Amino acid sequence: MPVIASSKSYRVGRSKTGLGLFATMPIKKGTRIIRYFGPILDCRIPAQDDIENKYLFELNGRWTIDGSVRKNVARYINHSCRPNAESDVRPRERKVFIRAIKNIEPGDEINYDYGTDYFKAYLKPIGCKCPSCENKRKKQRAEARAERAKVKARAERKAQKAGAKTTAAKKKKLNGKHFAGKVGRAKA
């Protein structure tokens, strides 16, 4: 029997991606945090299959939960590529529970992986904003800046060497016999 977290163990709060669900108490690994609920939609009924919102949770090929109801606090759980929770889908019971897969500390945002279909449809076009992807992009930008600085420094050194060679060549010509001016004639 899984441990079930109390409703006081989380709160809705401001997140980088909008609203999110945050832990207010320590949540242990394996604890059932919250249930994702709403009207059950049947995809065989055309009117129900045409519903489009971002809170749809597909149970299987036929059944989908419409989580857009206001009482469904689980809809505020955001996506993460490195989540601290996962969805426990029970299609026969037509229920979805969100369960902790790591120990979650107070103040941590609760998040889970939405899956590849949702990611490709909604998140990839705008870019994933989960902390792991943000850190990865930050690291890539820093590496790109460092590479541009290296290339710029290399080009400046090359230009300085080329400038030094042309200056040295001009000095040799001026000091040698290649001087084109008239020398030694005095004006009368």
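This is a predicted model: local features need pLDDT of at least 70, side-chain atom pairs count only at pLDDT 80 or more; totals for chains, interfaces and linings use all residues.
How exposed is Glu-134? Its relative accessible area is 24%, so Glu-134 ends up as partly exposed. Arg-137 gets the label partly exposed too, because its relative accessible area is 29%.

One of the links is between Arg-62 and Asp-42, whose closest N and O atoms are 3.0 Å apart. That pair connects distant parts of the chain: Arg-62 is in the loop between β5 (56–58) and β6 (63–66), while Asp-42 belongs to strand β4 (residues 40–42), 20 residues apart.

Is Asp-42 buried or exposed? At 8% relative accessibility, Asp-42 counts as buried, because the cut-off for that label is under 20%. Arg-62 comes out at 29% relative accessibility, so Arg-62 is partly exposed.

## The open sheet β3-β9-β8

Three strands build an open sheet in the order β3-β9-β8, and the pairing is antiparallel. Strands β3 (32–36) and β8 (85–90) are the edges, each pairing on one side only. From one strand to the next, the twist averages 25°.

Zooming in on one pairing, β3 and β9 (residues 95–100) run antiparallel over four bridges. Here Tyr-36 has Val-96 in β9 as its bridge partner.

Glu-86 is in strand β8 and Arg-99 in strand β9, 13 residues apart, and the pair links distant parts of the chain. Glu-86 is partly exposed at a relative accessible area of 30%, and Arg-99 is partly exposed at 27% relative accessibility.

## Pairings of β10

Which way does β10 pair with β2, and which way with β7? With β2 (residues 18–23), strand β10 (residues 109–112) pairs in the antiparallel sense over two bridges. In that pairing, Phe-22 stands opposite Glu-109.

With β7 (residues 78–79), β10 pairs in the parallel sense, again over two bridges. Asn-78 is the residue opposite Asn-111 of β10.

## Salt-bridge tally

The count for the model is six salt bridges.

Conventions. Residues are numbered from 1 along each chain as its sequence is written. Side-chain values use heavy atoms; hydrogens and water are left out. Two strands pair if DSSP finds at least two bridges between them. Axes are lines fitted to C-alpha atoms, for helices over the stretch in contact, and angles run from 0 to 180 degrees between N-to-C directions. A salt bridge is a side-chain nitrogen of Lys or Arg within 4 Å of a carboxyl oxygen of Asp or Glu. Buried means under 20% relative accessible area, exposed over 50%, partly exposed in between (1.4 Å probe, protein chains only).
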